[in-house]
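This report describes a protein chain for a reader who is new to structural analysis. Please keep the sequence and the structure in view while reading.

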Amino acid sequence: MNPLDFAVAGMVRNEKRRLDYLRLTSCQESFLSDDAPIAIWRDGNQIGKSTALAYDLIERCRGTHPFIQTHRPPIRALVISVSLEQMAPLMEKIWQLTPKDEIDERCGYDPGR
């Protein structure tokens, strides 16, 4: 395998299994390890709130949450927001982090829809 093939293989793996490469910040770990029935994280922009929520949802759906005992999959999950504009960043993060080899190939994400 030449170096270019190796680099391309790494990029493909990162695209399909981005969750494997995610490293949580201390704020994200603190929020994710809170076992309260309702937890709110209010903070500034671009510090990882959407990433933490996407991670939380995916790990609960997979039954592999590292901080909270979850139900065995499959589970039913519902994510609600006030507007599409508010949901769009979270939907994109969920798609980016979802292991593509663990979902049906008919699933997809189209920005803006």
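The accessible surface of the protein chain comes to about 8,700 Å², and carbon and sulfur atoms contribute 54% of that area. The model is a predicted one, and every value in this report is computed from it.

## Overall architecture

The protein chain contains four helices and zero strands. Read from the N terminus, its elements follow the order α-α-α-α. The C-alpha trace extends about 50 × 30 × 30 Å along its principal axes.

The protein chain has 113 residues, of which 24% count as buried. How much of the contact in the protein chain, at a separation of 6 or more, comes from residues 24 or more positions apart? Such pairs account for 50% of those contacts.

## The packing of H3 and H4

Two packed helices are described by the angle between their axes and the distance between the axes. Helix H3 covers residues 49–62 and helix H4 covers residues 84–97; their axes come within 9 Å and cross at roughly 55 degrees. Because of this angle, H3 is oblique to H4. The reasoning rests on cut-offs: angles under 35 degrees count as roughly parallel, 65 to 115 as roughly perpendicular and over 145 as roughly antiparallel, with the rest called oblique. The crossing of H3 with H4 is right-handed.

Which residues make the contact between H3 and H4? On the H3 side they are Ser-50, Thr-51, Leu-53, Ala-54, Tyr-55, Leu-57 and Ile-58, and on the H4 side they are Pro-89, Leu-90, Lys-93, Ile-94 and Leu-97. Sorted by class, the contact of H3 with H4 comprises nine nonpolar, two polar and one charged residues.

## Residues within the helices

Individual positions can now be considered, starting with the helices. Arg-13 is located in helix H1, which spans residues 3–16. With a relative accessibility of 43%, Arg-13 counts as partly exposed. When its neighbours within four places in sequence are set aside, Arg-13 is in contact with Arg-18, Asp-20 and Tyr-21.

Apart from neighbours within four places in sequence, Asp-56 has contacts with Leu-32 and His-65.

Glu-85 belongs to helix H4. Its relative accessibility is 64%, so Glu-85 counts as exposed.

## Residues in the loops

The loop between H2 and H3 holds several residues that can be examined in turn. Gln-46 counts as exposed, since its relative accessibility is 81%.

Gly-48 is also placed in the loop between H2 and H3. At a relative accessibility of 17%, Gly-48 counts as buried. Which residues does Gly-48 touch, not counting those up to four places away in sequence? The residues are Gln-28 and Trp-41.

Asp-35 is another residue of the loop between H2 and H3. Its relative accessible area of 67% makes Asp-35 exposed.

The loop between H3 and H4 includes Pro-74. The peptide bond that leads from Pro-73 to Pro-74 is cis, with omega near 5 degrees.

## Separation in sequence and in space

| Pair | Separation in sequence | C-alpha to C-alpha distance |
|---|---|---|
| Arg-13 and Arg-23 | 10 residues | 16 Å |
| Gly-48 and Gln-28 | 20 residues | 7.0 Å |
| Asp-35 and Arg-76 | 41 residues | 19 Å |
| Glu-85 and Arg-17 | 68 residues | 26 Å |

Gly-48 and Gln-28 are 20 residues apart in sequence, with 7.0 Å between their C-alpha atoms, and Gln-28 is one of the residues that Gly-48 touches. For Glu-85 and Arg-17, 68 residues apart in sequence, the distance is 26 Å.

Methods
Residues numbered from 1 in each chain as written. Predicted model: local features only at pLDDT ≥ 70, side-chain atom pairs only at ≥ 80, totals over all residues. Heavy atoms only, no water. Axes fitted to C-alpha atoms, helices over the stretch in contact; angles between N-to-C directions. Helix = DSSP H or I, 4+ residues; strand = E, 2+ residues; numbered from the N terminus. Left-handed = near helix turned anticlockwise from the far one by under 90°. Contact = heavy atoms within 4.5 Å. Nonpolar A, V, L, I, M, F, W, Y, C, P; charged D, E, K, R; others polar. Buried < 20%, exposed > 50% of the residue type's maximum accessible area, 1.4 Å probe, protein only. Areas by Shrake-Rupley, 256 points an atom, 1.4 Å probe, with all protein chains shown as cover.
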